[in-house]
Amino acid sequence: MIVAYGVANLLQSVAAARTTVHHTFDPGLLLRLAGHRTYLVGVTCQLGGFLLAFLARRDLPLFLVQSSVAAGLGVTAILGVVVLKWRLPVAEVVLLALLFAGISALVLAA
């Protein structure tokens, strides 16, 4: 579930960066994004993550599922560093370590 949301965010970000830039409101943006396979795979991952989170709520505590969904942003950052060669500031690396420690503590508490 965490990985699905992280991959979805990364793929949708990549697809949005590849579209043409308009400096005004452009209602055709979603139509252009729908033509990108990368964006559609990202939306599919988003739906898969939602389905997994929905099913996890049946068996896991709600606080664990909600924090896991939010941790998908950390997965996005890690995948961005590995795949897209992003450079994270030291503060963000520390925050990722704290995120991992927090999720680990929640898993132990659950």
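What follows is a chat about a predicted model of one protein chain.

Me: I'm new to this one, so what does the secondary structure of the chain come to?
Reply: In this predicted model, the secondary structure comes to 6 helices and 0 strands, and reading along the sequence gives the pattern α-α-α-α-α-α.

Me: And what does the C-alpha trace span along its principal axes?
Reply: The C-alpha trace of the chain spans about 45 × 35 × 25 Å along those axes. The chain has 110 residues, of which 25% count as buried.

Me: Among contacts with a separation of 6 or more, how many come from residues 24 or more positions apart?
Reply: Residues 24 or more positions apart account for 69% of the contacts in the chain that have a separation of 6 or more.

Me: Okay, helices next. How do H1 and H5 cross?
Reply: Helix H1, which covers residues 2-18, and helix H5, which covers residues 72-83, have axes that come within 7 Å and cross at roughly 55 degrees. That angle makes H1 oblique to H5, and the crossing of the two is right-handed.

Me: Which residues meet there?
Reply: On the H1 side they are Ile2, Val3, Tyr5, Gly6, Val7, Asn9 and Leu10, and these meet Gly72, Leu73, Val75, Thr76, Leu79 and Gly80 in H5.

Me: Thr76 is on that list, so is it buried or exposed?
Reply: Thr76, whose place is in helix H5, has a relative accessible area of 8%, and because buried means under 20%, Thr76 counts as buried. Not counting residues up to four places away in sequence, Thr76 touches Tyr5, Gly6, Asn9, Leu10 and Trp86.

Me: What about H1 and H3, how do their axes cross?
Reply: The axes of H1 and helix H3, which runs over residues 37-59, come within 8 Å and cross at roughly 155 degrees. That makes H1 roughly antiparallel to H3, and the handedness of this crossing is left-handed.

Me: And which residues of H1 and H3 meet?
Reply: From H1 the residues include Ala4, Tyr5, Ala8, Leu11, Gln12, Ala15 and Arg18, and the H3 residues that H1 meets include Thr38, Tyr39, Gly42, Cys45, Gln46, Gly49 and Ala53. Tyr5 is also one of the H1 residues that meet H5.

Me: Switching to H4, which of its residues are buried?
Reply: The buried residues of H4 are Leu64, Val65, Ser67 and Ser68, and the buried residues of this helix pack against H1, H3, H5 and helix H6, which is 90-109.

Me: How do H4 and H6 pack?
Reply: They pack at an angle of about 160 degrees, with their axes 10 Å apart, which makes H4 roughly antiparallel to H6. The contact is made by Phe63, Leu64, Ser67 and Ser68 of H4 together with Ile103, Leu106 and Val107 of H6. As for handedness, the crossing of H4 and H6 is left-handed.

Me: Ser67 keeps coming up, so what is it in contact with?
Reply: Leaving aside its neighbours within four places in sequence, Ser67 is in contact with Ile103 and Leu106. Ser67 is found in helix H4, residues 62-70, and it is buried, with a relative accessible area of 18%.

Me: New topic: how many salt bridges does a search of the whole structure find?
Reply: A search of the whole structure finds 1 salt bridge. Asp59 forms a salt bridge with Arg58, and the closest N and O atoms of the pair are 3.9 Å apart.

Me: Why might side chains like that pair at all?
Reply: As a general point, side chains of opposite charge can pair when their charged atoms come close.

Me: Are Asp59 and Arg58 buried or exposed?
Reply: Asp59 is exposed, with a relative accessible area of 60%, and Arg58 also counts as exposed, at 65% relative accessibility.

How values were computed. Residues are numbered from 1 along each chain as its sequence is written. This is a predicted model: local features need pLDDT of at least 70, side-chain atom pairs count only at pLDDT 80 or more; totals for chains, interfaces and linings use all residues. Side-chain values use heavy atoms; hydrogens and water are left out. Helices (H or I, at least four residues) and strands (E, at least two) are DSSP runs, numbered from the N terminus. Buried means under 20% relative accessible area, exposed over 50%, partly exposed in between (1.4 Å probe, protein chains only). Contact means heavy atoms within 4.5 Å. A salt bridge is a side-chain nitrogen of Lys or Arg within 4 Å of a carboxyl oxygen of Asp or Glu. Axes are lines fitted to C-alpha atoms, for helices over the stretch in contact, and angles run from 0 to 180 degrees between N-to-C directions. Angles under 35 degrees count as roughly parallel, over 145 as roughly antiparallel, 65 to 115 as roughly perpendicular and the rest as oblique. A crossing is left-handed if the near helix is turned anticlockwise from the far one by less than a right angle, and right-handed if clockwise.
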